[in-house]
Amino acid sequence: MLPGMELRQLRYFVAVAEEGNISRAAKRIFLTQPALSRQIKVLEDEIGQCLLERQAHSVRLTPVGEALLREARELLQHAEQVLERVRVAGRGLRLRVGYAPSLAAGMLSAAVENFTQTHPNARVELFDLSTKEMLAGLESGQLDVALGVGQQRETRGLKWTPLVRAPWQLAVSRNHPLARRSRVTPAEVAREPLLVFCQRDYPEYWDIITAWLRDQRQRPRIAGEYDGVDSLMAAVESGLGVAIVTARTARLVPERVRLKTLSVAPEPLCIAVGHRANRTGDKPLAVFVEELRNAASALA
């Protein structure tokens, strides 16, 4: 940047270039037209070149003006990024993330690691929560981001970004007769004690599984409801029943549990990241969402 040139002068110049009219640009940046014209003249004098061809009701960039516009936009963007990093360092960025372990496995740790490399002063807090708790946390502002089941409609002021679609499998104890099968039918599932996530905290899971069995003309034998993947897998490992889980759960399956392919399975589950819709412009949050997308792509 030339000596004496100020960022605000570059902002004024960009506004004029984008509007193609000094009067409209002056209104856009809340400056009077004469004051804006003087600032552009000061900038031209500083550079020693004419930047604008002035016409009756509009202005047009000279070749020098076009070159400055490209450089000015890049410089202003860089300046904004520098300011954002300084703001983050000053306020100690805090990102509160709710997640479901059975869905976040393999994605969340990679995303957090990459995010903290670009935001070393950030404090990322992780909360193992049910779907119900995550939705409540986003709505109340107690969570910034949630990683779980994507909602089909963007309601309740929340925005969801799909990450990956996870197929369903059947979890059985390694000593269970079905463990020796390459594929398991819905009828065979319905004959077994079925272990599920509790309906109160995971209503979308309950709806998917019961609707699938109903479509297959089967009635489930619900033998137990569990509040998390650890307790659910412990029950399966103990031989208390079988469970329908996503393939993402494979990373959390105990040694004595096997995952089997379903001959006919529910539609793959959409795993997504959600946040309040009015925070779409939050740059650190957008960076974290992008890191989750990158991590999901790497696992696909």
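Me: Which helices and strands each supply at least two residues of the lining of the largest cavity?
Reply: In this predicted model, local features need pLDDT of at least 70 and side-chain atom pairs pLDDT 80 or more, whereas totals for chains, interfaces and linings use all residues. Residues are numbered from 1 along each chain as its sequence is written, and side-chain values use heavy atoms, without hydrogens and water. Taking helices (H or I, at least four residues) and strands (E, at least two) as DSSP runs numbered from the N terminus, and a cavity as points on a 1 Å grid over the protein atoms alone where a 1.4 Å probe fits but cannot get out, with lining residues having an atom within 4 Å of a point, the suppliers are H5 (101–104), H7 (131–140), S5 (145–149), H9 (203–215) and S11 (242–246).

Me: Which element gives the most to the lining of the largest cavity?
Reply: The lining comprises 17 residues, with Ser102, Leu103, Phe197, Tyr205 and Leu269 nearest the centre of the cavity. The greatest contribution, three residues, comes from H9.

Me: How are H6 and H11 oriented to each other?
Reply: The axes (lines fitted to C-alpha atoms over the stretch in contact, with angles from 0 to 180 degrees between N-to-C directions) of H6 (residues 108–118) and H11 (residues 283–299) come within 8 Å and cross at roughly 140°. Angles under 35 degrees count as roughly parallel, over 145 as roughly antiparallel, 65 to 115 as roughly perpendicular and the rest as oblique. The two helices, H6 and H11, are therefore oblique.

Me: Which residues of H11 make the contact with H6?
Reply: Contact means heavy atoms within 4.5 Å, and H6 takes part through Leu108, Ala110, Ala111, Val112, Asn114, Phe115 and Thr118. On H11 the residues are Pro284, Val287, Phe288, Glu291, Leu292 and Ala295.

Definitions and conventions: On a 1 Å grid over the protein atoms alone, a cavity is a set of points where a 1.4 Å probe fits but cannot get out, and a pocket is an open set with protein on both sides within 12 Å along at least five of seven lines; lining residues have an atom within 4 Å of a point.
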